[in-house]
Amino acid sequence: ASGVLAVVACGIYLSRQSASLFSPAVRLQVLGAWSALTFTLNGLVFVLIGLQLPYVLAGINGRYSIGTLVFYGVVFSSVLILLRMIWMFPAIRVAQFVEHRWLGHTEKSLQGREVFVVGWTGMRGVIALAAAISVPQFLANGQPLESRNLIVFLAFCVILVTLVLQGLTLRALIRGLGLAGSEGVDPEEKEARRLVLEAAIDHLEAGRKSDGHSYEHVYADLMHRYRHRLAAVGGVEEDGLDGLDRDTYSRLRQISASALQAERRTLIALRDQGRIGDETLRKMERELDLAETRYRGTPNE
């Protein structure tokens with residue numbers, strides 16, 4: 001029933017379905033524009049916080065001393081952090097039980113140290129501020145809600161404490177708990193790359209059999225590149241396509257696009273099965289989008 005949470009839920013749903021709903025060109029444009037927009041909006045929100053804080057303090061001036069306000073802010077922030085830490089342990093266990101029992105996901109369960117880090121990442125920001133500001137200024141009988149400014153002030157305190165305290169200590173906490181991991185390609189990402197490349201090679205094998213010998217050299221070239229990428233489990237830049245006639249290049253684009261679609265379907269399936277996370281999906285999806293845009297348009301005459 002909350003308008004704020006409804007918008008958040010809609011955004012989460014569209015983000016999860018963007019791999020299927022949007023074209024590669026749209027995704028590349030939206031991600032670039034959205035990155036700039038979120039940076040601007042986040043900066044604007046915190047500027048507004050600074051501009052509004054003096055008016056909030058003026059509204060509660062005389063009712064509470066500075067020491068009392070600081071005490072309330074520290075206690076309220078500490079209680080919220082503690083409640084999140086306590087809640088995360090049963091919440092994650094319940095979520096993992098549902099995923100294993102009902103959804104069939106078989107990924108490794110989070111350990112206590114990992115759950116603790118998840119709980120520590122509960123930084124508050126725009127949503128907390130929006131919830132506080134949405135508190136009405138007047139009651140149903142027309143009387144002003146005297147505690148509204150205190151509520152907004154406590155929201156400011158929570159945002160400040162969680163962003164500064166939890167945000168600045170997160171790196172040290174992860175390292176201290178031994179969860180930093182090693183540098184290099186993440187095992188989840190490496191496995192995903194191997195599977196999507198194998199799917200693309202299988203797709204090319206089937207296409208070569210159906211097309212016969214007409215485009216044998218095109219298939220051989222593409223399969224050579226895919227096998228090279230599979231051996232390295234990473235992306236390598238493709239060589240130029242000079243020297244191909246128009247019909248051959250057109251067919252090359254079609255075959256390459258279909259192979260990329262096979263990779264994309266496998267990648268989305270891995271995400272839906274819970275074998276990879278959204279972060280790995282987004283990273284590899286961007287590579288597929290950039291690769292697919294190379295085959296848009298027409299070759300030179």
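Modeller: This is a predicted model. Start with Asp272 and Arg16, whose side chains form a salt bridge, with an N to O distance of 3.8 Å. The two partners are 256 residues apart and tie distant parts of the chain together. Asp272 belongs to helix H9 (residues 246–272), while Arg16 sits in helix H1. In total, the structure has 12 salt bridges.

Now follow H1 itself. Helix H1 covers residues 3–21 and has a kink of about 35 degrees, centred on Ser15.

Helix H5 (residues 126–133) and helix H6 (residues 148–176) have axes that come within 9 Å and cross at roughly 175 degrees. H5 and H6 are therefore roughly antiparallel to each other. From H5, the contact uses Ala128, Leu129, Ala132 and Ile133. They meet residues of H6 including Ile151, Val152, Phe156 and Ile159. By class, this contact of H5 with H6 counts 9 nonpolar residues, 1 charged and no polar.

How values were computed:
Residues are numbered from 1 along each chain as its sequence is written. This is a predicted model: local features need pLDDT of at least 70, side-chain atom pairs count only at pLDDT 80 or more; totals for chains, interfaces and linings use all residues. Side-chain values use heavy atoms; hydrogens and water are left out. Axes are lines fitted to C-alpha atoms, for helices over the stretch in contact, and angles run from 0 to 180 degrees between N-to-C directions. Helices (H or I, at least four residues) and strands (E, at least two) are DSSP runs, numbered from the N terminus. Angles under 35 degrees count as roughly parallel, over 145 as roughly antiparallel, 65 to 115 as roughly perpendicular and the rest as oblique. Contact means heavy atoms within 4.5 Å. Ala, Val, Leu, Ile, Met, Phe, Trp, Tyr, Cys and Pro count as nonpolar, Asp, Glu, Lys and Arg as charged, and the others, Gly among them, as polar. The bend at a residue is the angle between axes fitted to the seven residues ending there and the seven starting there. A salt bridge is a side-chain nitrogen of Lys or Arg within 4 Å of a carboxyl oxygen of Asp or Glu.
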